[in-house]
Amino acid sequence: MKRATLIAIAALMLSGAAVSQQTTATATSAAPAQATATAPSTAVPAPTVAKPGLYLGVATCANSGCHGSTQPLNASRVLQNEYYSWLNRDRHAQAYNVLFNDRSARIARNMRLKGKAYREKVCLDCHSTSVTPAMTAGHVDLEDGVQCEACHGPASGWRDEHTQAGWTHEQSVARGMIDLRAPIVRADMCLVCHLGDQTREVDHELIGAGHPILAFELDNYTETMPPHWHWNNTHGVRAWATGQVVEFRDSVANLARHARGQKWPEFSDMSCYNYHHSLKNSTWRQERGWPDRAGLPSWSPQHWAVLRMIVNRAAPGQRAQLEDLVNQLALKVARMNDPAGVAQAADAAKRIADGLVPAVDRMNWSDSDVRSLMSAIADDQDFIRRSDVHSAEQVALTLQSLGSSLTRRDSKLVKGPMTKAIDALFDELQNRDDYEPSRFAQKLAAVKATL
Ligand code: HEC
Ligand code: HEC
Ligand code: HEC
């Protein structure tokens, strides 16, 4: 959990109002000539292909008249400086370079990979736009890391067409663009790398070898990318809520797959910090006790930690049933001796979540809904005392996300006590090894007092 992420969010909120003004202001000054002068040197002529589903490479998006302006323009619905933002400020552009660092070398060594990290598919699948030659019709360079098409889909079917007058977003989607305007689709897309799926995963072997444990919350992570889009109401609270339920669904699907396959028990489903912790500092764990036999590893309830509150609103009738399945999962995962039972409970939880996804995505959230939800979450200190650092991260990210939705409408709140109290939660999360549930719970009480 990186504090930087959240500082960036706070900065974004502070500049929220300024950004839209700036977009208008630069429209007059950003002459096309200026943009051309600083156009990326990698720009190459577009290959002539029309077959959809092929990757063309980032250079084909980067022309100054398209997405390669150095400043946001006001000539079209899009900002047009997406390439520039991505290249200079977005970590995704660096995702491949990371594979050359010492940490990556250590991970590769510990995993006994045959080649260097930057040559291994297991790393490239998430740290670059890893596609086979048969899937490309341009110059797709691994060095470009996670480039436009990794998120927006292969461009051959719509690259030329999408700038034509009258061409719609829906037409692009029909020709292979991923519909990121839909929060459900967007969440699924990010989660492929930020949670993992059947094709790629940061499993316990990677974590044991030294890979960071992943954390993700759709709204925070989207708005700190940095954003290269105009904010709209498919972001904010809706993205947070939909992201939570999609992430739960995808995580129980992963769990069911682990339980059915060779990788069982798969410890990345559990709370590493629950038992890999220096025993010297683990009095909190002994204070808290275990739901089953003492000392068993626990399933991490991180994807359930705040979803519970959403289910209370979206489908109160299903809360008890889902909670029961989650409790079964927690017990069965900890005992490790009934993978078939785990798979069955995970499948059942996934079926309920499948139904919840569209229901949650359709919900409307007023400011007073948001406040009462924040209150309920901040009040739930008992849950926090019984769960793990990953759940605390979800709680903090959630309060940050919901808090931002209030500050977005009332800029006075940005420097107010609520924002400060939420920021203080992240001090507890800087280093997962030092996490202490009772301190975090106290800080939650402080958030509650500001609401
Ligand atoms: C399922 C996707 C996935 C796979 C597979 C994966 N990574 Fe990562 N990796 C990530 C994500 C996402 C992050 C960013 C984590 C964050 O900050 O939330 C990351 C972060 C890292 C970091 C820390 C980055 C930094 O700036 O210090 C290193 C190093 C790293 N990965 C190396 C590797 C290596 C080496 C492999 C292959 C053995 C690998 N990764 C496989 C998704 C993946
Ligand atoms: C890590 C994923 C990711 C990468 C990489 C990425 N984008 Fe995006 N992009 C998004 C998301 C998320 C949105 C917001 C979609 C929405 O809410 O409508 C977006 C929105 C956009 C929009 C506004 C589209 C609209 O429908 O209003 C444009 C244009 C765009 N991206 C172009 C690019 C270009 C060009 C690149 C490469 C230089 C790029 N993107 C790289 C995720 C990504
Ligand atoms: C193809 C895999 C992939 C996809 C798809 C992807 N990411 Fe990432 N993302 C990564 C990797 C790898 C890193 C780590 C890069 C590094 O450390 O330099 C990363 C880093 C990030 C970071 C920086 C994290 C930090 O700790 O500072 C954010 C924020 C982020 N991603 C958000 C998103 C969002 C939001 C989406 C979907 C709209 C998305 N990503 C889609 C692979 C991906």
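Tutor: Before we start, a residue is near a molecule if its C-beta atom, placed from the backbone, lies within 6 Å of it. Keep in mind that this is a predicted model.

Student: Thanks! Which residues around ligand 2 are the closest?

Tutor: Ligand 2 is surrounded by 22 residues. By class, they divide into 8 polar, 3 charged and 11 nonpolar. The closest are H67, E82, C148, C151 and W229.

Student: Which helix gives the most to the shell around ligand 2?

Tutor: Two helices, α3 (82–89) and α6 (148–152), each supply at least two residues of that shell. The one that gives the most, with 4 residues, is α6.

Student: Why does ligand 2 lie between domain 1 and domain 2?

Tutor: Look at where its shell comes from. Ligand 2 lies between the two domains because residues of its shell are given by both domain 1 (31–179) and domain 2 (218–449).

Student: And which helix gives the most to the shell around ligand 1?

Tutor: Here 27 residues surround the ligand, the closest being R103, S104, A117, C123 and C126. Two or more residues of this shell come from each of α4 (102–110), α5 (121–127) and α8 (183–194). With 5 residues, the helix that gives the most is α5.

Student: How far apart are the end C-alpha atoms of helix α19?

Tutor: Nice one to work through! Helix α19 covers residues 389–409, which makes 21 residues. At 1.5 Å a residue, α19 should span 30 Å. The model agrees with this, as the end C-alpha atoms are apart by 31 Å.

Student: How many residues of α19 are buried?

Tutor: A residue is buried if 20 or more other C-beta atoms lie within 10 Å of its own. Helix α19 is mostly covered, and of its 21 residues the number buried is 18.

Key
Residues numbered from 1 in each chain as written. Chains lettered and ligands numbered in written order. Predicted model: local features only at pLDDT ≥ 70, side-chain atom pairs only at ≥ 80, totals over all residues. Nonpolar A, V, L, I, M, F, W, Y, C, P; charged D, E, K, R; others polar. Domains from an automatic or database assignment. Expected span 1.5 Å × (residues − 1). Buried ≥ 20, exposed ≤ 12 C-beta atoms within 10 Å, placed from the backbone.
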